[in-house]
Each structure stands twice: as C-alpha cells, then as structure tokens.
Amino acid sequence: MRGWWREIAGLVLPVACGGCGRPRTELCAVCAHALAGAPPRRVRPSPEPAGLPVVHAAAPYADAVRELLLAHKERGALALAGPLGGALAGAVAAAAPTGTAGSADGPLLLVPVPSSRRSVRARGHDPTRRIALAAAARLRRSGRPARVVPVLRQRRYVADQAGLGARGRLANLSGALEVVPGGTRLLTAGRVVLVDDLMTTGASLAEAARALGAVHLPFIPGIPHGLPTGSAQRGIEQRVAAVIASSPASFEINRNSSETSIVAGGER
C-alpha cells in the first residue's frame with residue numbers, strides 16, 4: 001500500500017528535482033548530467049575484498065548523485081527509477097560489452113543484490129530491483145536482450161551496515177546470501193551481471209558473487225557457460241558487476257592504476 005500511495009502522491013504533490021530541489025522537474029538537466037553525463041568507469045574499493053567481480057559504475061557517489069539515490073530509496077521518489085535505471089544500463093553495457101567472450105550466449109541476466117525483507121517493508125518498495133527492471137528495459141530498447149533474474153536471497157539475519165567499516169561489513173555479510181530453489185537453471189540462460197545501486201566497500205557484491213559460485217549446476221547439454229561434456233558440476237563463475245554509483249575514491253584509484261600502467265609501458 002505504501003508504494004501505491006507514494007506513486008499517487010507523486011502525481012498531485014509539487015515536484016522538485018531529486019538531486020538539487022529545483023522546482024517543477026523531477027530531474028533537472030544539471031543533475032541528469034551528473035548522473036549519466038560521463039562514460040561509466042571501472043571502480044575499485046580500497047581495500048578490495050577477495051572475490052569482488054570487475055565493477056563498473058556510472059558516477060561518483062557525491063552531491064546530486066547521492067541525493068538522487070537517497071530520494072529514490074528512502075524518500076519514495078519512484079519516478080527517478082527511470083533515469084537511475086538508465087545510468088545503471090550504461091554501467092551494465094560497460095561491464096558486458098558486445099563482442100566479448102560470452103556476450104553472444106544469450107540475454108544479459110541482471111541479478112540484483114537483494115535487500116532485506118525488513119528494509120523492503122520499511123521503505124515500501126525494493127529500490128534495487130525497481131532500478132534493475134528499468135535498466136533491463138533500457139537495454140532492450142537499445143537492442144540488447146536483457147532481463148532481471150532476482151535469484152539471490154538472504155539466508156540469515158544481517159545487521160544494518162550503516163556505521164560498519166570494511167572488515168565489519170565483510171564479516172556481517174559472509175555466507176549471508178544464497179540462490180533461491182529453482183534459480184540455478186535461470187542463471188544458465190545468458191550472461192550474468194550482478195547489479196546494485198551503490199558500492200562502498202564491495203562486501204555486498206563479493207558475497208553475491210560467492211553465492212552464485214556456490215551453486216551446483218546440473219549437466220545441461222549446450223549450457224552457455226562453456227561446461228565441457230562430462231565435466232564436474234560447478235557454480236556460475238561471476239566476473240562482472242555494475243552499479244550506479246561508487247565512492248569518489250574508488251574512481252581515483254582506478255585512474256591512478258591506469259596512469260601507472262601507461263607509465264610502466266613506456267608511454268608519457
């Protein structure tokens with residue numbers, strides 16, 4: 001009921017930009033540019049948790065982008081799911097570009113990092129899943145088959161991550177996720193891309209990747225993940241992920257790493 005009320009309220013209450021508060025627009029041109037005006041980039045948290053996939057992000061988590069994510073997630077600005085999904089779609093396309101290994105193995109399968117049931121109840125909606133659905137729709141309109149496959153769930157209690165550092169978040173999430181019954185076969189239909197709205201320490205994405213790798217795939221002739229005939233069962237080898245935003249420092253680390261590689265290669 002809360003989600004429906006927020007959607008109805010958005011039709012009758014005064015509209016303001018979720019990023020800066022400018023009146024009479026849900027998203028102004030300046031904040032839209034901050035969200036998706038630059039190409040997505042690979043990001044790395046520091047320290048980087050073991051098992052973290054290669055992550056691409058659309059924008060640094062600061063200023064207008066931070067306010068847009070909070071407005072959608074915590075303040076019920078559900079109309080922002082469209083532009084946020086567009087930014088996520090760009091990050092997904094960067095994480096799984098056409099012409100790379102596995103790109104022709106079927107549709108892109110966007111697997112959202114799940115929110116806890118109590119968080120969904122408190123907010124009245126599941127923000128990550130809503131944004132993932134908008135991202136899949138944007139990808140399909142651009143000509144890339146994509147769908148959302150919400151096969152992950154929390155298998156035990158997870159404490160609120162707010163206030164926890166990198167080690168605390170890793171410990172809090174270790175072993176917390178699992179693939180739902182019946183979800184294994186869904187993961188074999190295309191190329192899996194883990195998605196989330198935000199990466200801070202990388203603990204959530206690393207745990208989600210571990211959960212996907214822990215499943216036991218039955219032998220399926222022609223499985224698109226390259227299992228040879230008679231091979232041992234294994235899980236999904238998760239290599240890529242996409243988020244809307246990541247900390248500004250994670251972008252800086254990526255830039256410095258790139259510059260170091262160029263210098264080491266003899267270029268100035």
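How many of the five residues of β3 are buried? Five of five: the strand is mostly covered. Buried means under 20% relative accessible area, exposed over 50%, and partly exposed in between (1.4 Å probe, protein chains only).

## Model and conventions

This is a predicted model, in which local features need pLDDT of at least 70 and side-chain atom pairs count only at pLDDT 80 or more, while totals for chains, interfaces and linings use all residues. Residues are numbered from 1 along each chain as its sequence is written, and side-chain values use heavy atoms, with hydrogens and water left out.

## Overall chain

The protein chain holds 10 helices and eight strands. These are DSSP runs, numbered from the N terminus: helices are H or I with at least four residues, strands are E with at least two. Of the 268 residues, 44% count as buried. The chain exposes about 13500 Å², and carbon and sulfur atoms supply 56% of that area. Accessible areas come from the Shrake-Rupley method with a 1.4 Å probe; for residues, only the protein chains shown count as cover.

Contact means heavy atoms within 4.5 Å. Take the contacts between residues at least 6 apart in sequence: 74% of them join residues at least 24 apart.

## The sheet

Six strands form an open sheet in the order β1-β2-β8-β7-β3-β4, with mixed pairing. Its edge strands, β1 (41-43) and β4 (146-148), each pair on one side only. Two strands pair if DSSP finds at least two bridges between them. Neighbouring strands are turned by 35 degrees against each other on average, direction ignored.

β7 (residues 191-199) and β8 (residues 240-246) pair in the parallel sense over five bridges. There, Asp 196 has Val 243 of β8 as its bridge partner. β3 and β7 are also parallel, over five bridges, with Leu 109 opposite Val 192 in β7. β3 pairs with β4 in the parallel sense over three bridges, and Leu 108 stands opposite Ala 146 in β4.

## Cover on the sheet

Both faces of β3 are covered. Leu 108, Leu 110 and Pro 112 are buried on one side, Leu 109 and Val 111 on the other.

Helix α4 (residues 81-95) packs on the sheet and touches β2 (54-60), β3 (108-112), β7 and β8. Its direction makes about 140 degrees with that of β8. Helix α6 (residues 127-141) lies across β3, β4, β7 and β8, at about 165 degrees to β4. Axes are lines fitted to C-alpha atoms, for helices over the stretch in contact, and angles run from 0 to 180 degrees between N-to-C directions.

## Salt bridges

Side chains of opposite charge can pair when their charged atoms come close. A salt bridge here is a side-chain nitrogen of Lys or Arg within 4 Å of a carboxyl oxygen of Asp or Glu. The count comes to five.

Asp 197 and Lys 73 meet at 2.8 Å, N to O. Asp 197 lies in β7 and Lys 73 in helix α3 (residues 63-73), so the pair ties together parts 124 residues apart in sequence. Both residues are buried. Arg 210 bridges to Glu 207 at 2.7 Å. They are three residues apart in helix α9 (residues 203-213), about one helical turn. Arg 210 is partly exposed at 37%, whereas Glu 207 is buried at 5%. Arg 66, Glu 67 and Arg 75 are linked in a network; within it, Arg 75 and Glu 67 meet at 3.4 Å, N to O.
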